[in-house]
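Please find below a colleague's note on the two-chain model under review. The points are numbered so that each may be checked separately.

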Amino acid sequence: MSKLFVSDDEDEPMTNTGSESPTFIPQDHGEDEDPVVSEIPMIITSKPAQTQLCALQYPGRPSARHYENESHVLSTRLKPSTDLLEADVPIDTSKFFDVNKSDEWGGVNKQTLSGVLIGLEGYYAANVQNGEIVLCQLDKVAQLRPSLNYIDKEIATARDLHRLENNHSGRDTVQVVQMSVKSSNDNAPRLGEALMARKKVEDESFTQLPWVDSSSEASLALKKEIFQADNRNVLRSNTNEEDYIGLLVKDISAN
Amino acid sequence: MSDKIPTSSRLDSLSRRAPAGPASSSGPKAGKFKPKNIARRTKEERDANAPATAAEPTDKPHQRSMRGGLRGGRGGRGGANRALQGTHLVQAGPLASGNVLSDTKQNFSRSTTRSPTPGFLSSLVKREEGSREGSVGPQDSDDEGDLSKINMNQEYRFSKEETELFPVRAPREHVTSEQDTLMNSSRSTTPEPDDGTLKNVLATKDHQLHINLDQLQVDEAAEDDARLAQDHKDIAEAITKLNNDPASYLMFQLPRVLPEFETTNEVKPEISEEDNVEPVKPQLEGQIATLRVHRSGKLSVKIGNVIMDVSKGSNTAFLQQLVCMKRGGDSQLGENEIDERGNYLLGHLQDKIVITPKLA
């Protein structure tokens with residue numbers, strides 16, 4: 001077992017480089033057999049107003065292939081109240097690219113990914129600085145997947161064409177009488193939750209959100225602003241373990 | 001009353017029956033119902049009349065499974081599939097890899113992508129052939145020769161740079177069933193007591209089973225410990241590696257409910273003028289926890305006064321960006337304000353660390 005931890009010694013000096021010398025007082029008497037050797041402070045920082053920290057996941061993209069520098073995300077759009085995020089990303093047309101298909105779909109030269117931002121609780125992005133872990137709470141996460149809307153577009157145009165042709169040939173032959181009963185009550189059939197959400201999304205229009213690459217000044221400044229631990233006061237807590245379990249139970253029963 | 005009903009108003013069947021009654025009774029074919037008694041044929045006769053069935057090849061496993069799909073259900077003659085005729089099956093999402101009903105040859109051809117650049121692919125292979133040492137690829141598969149298409153269902157062992165455009169696939173672990181072989185071997189080596197009575201045999205078997213079970217539990221516990229120790233080692237390594245790397249971030253998952261902290265006055269509950277936005281929980285700011293390294297190499301986290309367990313989240317093979325979103329309010333921008341709206345890429349999320357309350 002002990003062979004696994006050859007690297008432990010490397011960890012120890014790391015904490016000493018922190019500006020605030022860590023306290024080495026092992027206060028837990030129950031853990032005497034395995035004492036604490038070193039402590040790494042975990043510091044929470046607050047975000048500037050009007051900003052949200054989001055994790056964007058690209059399930060179809062290997063982690064090593066960043067959308068950065070020359071292959072950065074081209075642009076992003078957001079539907080603010082429904083939180084639908086769309087991102088245009090460049091595609092590599094040198095490999096596995098079918099020019100004929102692209103022409104068929106009206107010259108596809110970028111990939112559109114879309115996903116819905118979902119609220120998070122208890123997730124933090126952490127940066128390690130001088131042996132300190134600086135945490136900042138994540139607000140949202142979205143999984144961006146190809147939305148393939150050029151295919152929808154193709155189908156839609158084909159359908160429109162078809163409809164136009166049909167209308168042209170026999171206009172006055174069929175007459176559809178549609179009857180609908182309107183009730184003033186609220187118990188009229190409504191759209192289901194999923195359809196309702198879909199409708200809401202479709203009714204809303206996008207607002208453009210420019211994409212700022214990681215190398216830009218603005219991004220670097222923001223990074224510094226968020227992950228710089230200005231306040232490193234040790235927060236005091238009176239909650240002991242028993243109280244904490246009480247809190248957990250309260251939380252579970254509240255939900 | 002009833003006999004006054006005129007015959008015309010009676011049911012058709014009834015009114016027709018009345019005249020037919022006497023006619024049929026006078027006819028020559030009147031009589032009882034005689035069921036035809038069909039004699040059962042002998043087996044030889046049946047065999048002779050049976051339609052000749054082709055001998056089924058049993059050496060192609062995928063073909064067999066395909067036929068099974070066709071014959072699924074109680075139709076026995078591909079009835080299920082016929083029901084799907086004229087139906088357009090749309091497949092999307094995690095279950096799109098096929099189900100029993102639609103797992104036909106059509107599906108197979110769908111999952112292979114015909115690349116417009118076969119030349120590129122064949123050059124891929126050549127390179128692969130050259131640097132092949134130790135790689136156990138799908139070379140033995142049917143599609144080996146035909147590289148104008150790529151079967152997305154299987155993993156290709158091309159060099160890493162070549163496959164970066166290939167889809168991200170979850171790492172597949174080939175579980176070498178050591179446990180099984182161990183169990184098997186122990187079972188086979190158990191000497192059979194020839195001279196014992198049944199009771200004796202059962203007792204020894206039972207005893208052996210208990211020993212095995214205990215051993216299995218001990219093994220599992222040890223395995224868990226080793227895994228956790230490996231997790232802790234990995235976390236420590238990741239923290240060391242990412243120290244002062246501004247572009248890489250760790251993802252921490254803390255319990256949703258944290259111990260209560262004395263909120264210092266510095267965090268002002270900025271209930272400003274008239275904009276009555278939802279009362280934002282005062283953001284914590286400052287050192288809330290310490291990650292503690294024990295002498296054994298184990299890690300633990302102390303949040304406030306509560307000690308918690310640390311473990312590693314599952315690794316993700318896909319890209320995760322950390323983005324700061326400034327979506328801006330609905331209000332119009334002032335004269336001097338610069339439109340700062342946008343998505344600012346800060347870096348990439350790497351490992352995930354999960355902190356869970358210790359409930360012991």
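How many helices and how many strands are there in chain B?

1. Chain B holds eight helices and eight strands, where helices (H or I, at least four residues) and strands (E, at least two) are DSSP runs numbered from the N terminus. The model is a predicted one, in which local features need pLDDT of at least 70, side-chain atom pairs count only at pLDDT 80 or more, and totals for chains, interfaces and linings use all residues. Residues are numbered from 1 along each chain as its sequence is written, chains are lettered from A and ligands numbered from 1 in the order in which they are written, and side-chain values use heavy atoms, with hydrogens and water left out.

2. Of the 360 residues of chain B, 26% are buried; buried means under 20% relative accessible area, exposed over 50%, and partly exposed in between (1.4 Å probe, protein chains only). Among the contacts in chain B between residues at least 6 apart in sequence, 55% join residues at least 24 apart, a contact being heavy atoms within 4.5 Å.

3. Chain A has six helices and 12 strands. Its 255 residues include 38% that are buried. For chain A, 69% of the contacts with a separation of 6 or more are between residues 24 or more positions apart.

4. Within chain A, five strands make an open antiparallel sheet in the order 10-5-4-3-11; two strands are said to pair if DSSP finds at least two bridges between them. Strand 10 (145-146) and strand 11 (207-209) of chain A are at the edges, each with a single partner strand, so one side of each has no neighbour in the sheet. Strand 3 (residues 75-79) of chain A pairs with strand 11 of chain A in the antiparallel sense over three bridges, and A:L78 stands opposite A:T207 there.

5. The interface involves 99 residues of chain A in contact with 90 residues of chain B. About 9,100 Å² is buried between the two chains, and carbon and sulfur atoms give 58% of that area; buried area is the accessible area (1.4 Å probe) that two parts lose on being put together, summed over both. A:M42, A:F96 and A:L235 supply 9% of the area that chain A buries against chain B, more than any other three residues.

6. Which polar interactions link the chains? There are three salt bridges between chain A and chain B, a salt bridge being a side-chain nitrogen of Lys or Arg within 4 Å of a carboxyl oxygen of Asp or Glu. One salt bridge joins the side chains of B:R256 and A:D251 (2.7 Å, N to O).

7. On the side of chain A that touches chain B, strand 2 (residues 52-62) of chain A gives the largest share, 11 residues. By class, this side has 48 nonpolar, 27 polar and 24 charged residues. Ala, Val, Leu, Ile, Met, Phe, Trp, Tyr, Cys and Pro count as nonpolar, Asp, Glu, Lys and Arg as charged, and the others, Gly among them, as polar.

8. Strand pairing also crosses between the chains. Strand 1 (residues 36-44) of chain A and strand 4 (residues 286-294) of chain B run antiparallel and are joined by eight bridges, with A:S38 opposite B:V293. Strand 12 (residues 211-212) of chain A pairs with strand 8 of chain B in the parallel sense over two bridges, where A:W211 has B:N343 as its bridge partner.

9. Strand 8 (residues 342-357) of chain B has 12 of its 16 residues buried, so it is largely enclosed by the rest of the structure. Within chain B, strand 3 (residues 248-253) pairs with strand 8 in the parallel sense over five bridges. Strand 6 (residues 306-312) of chain B runs antiparallel to strand 8, with five bridges, and strand 7 (residues 318-326) of chain B is also antiparallel to strand 8, over six bridges.

10. B:Q321 lies in strand 7 of chain B. This residue is buried, with a relative accessible area of 0%. The side chains of B:Q321 and A:Y58 form a polar contact of 2.7 Å. B:Q321 also touches residues of both chains, including A:C54, A:W211, B:L345 and B:H348.

Technical notes
Polar contact = N/O pair within 3.5 Å; in protein donor to acceptor, adjacent residues only side chain to side chain. Lists of a residue's contacts leave out its neighbours within four places in sequence.
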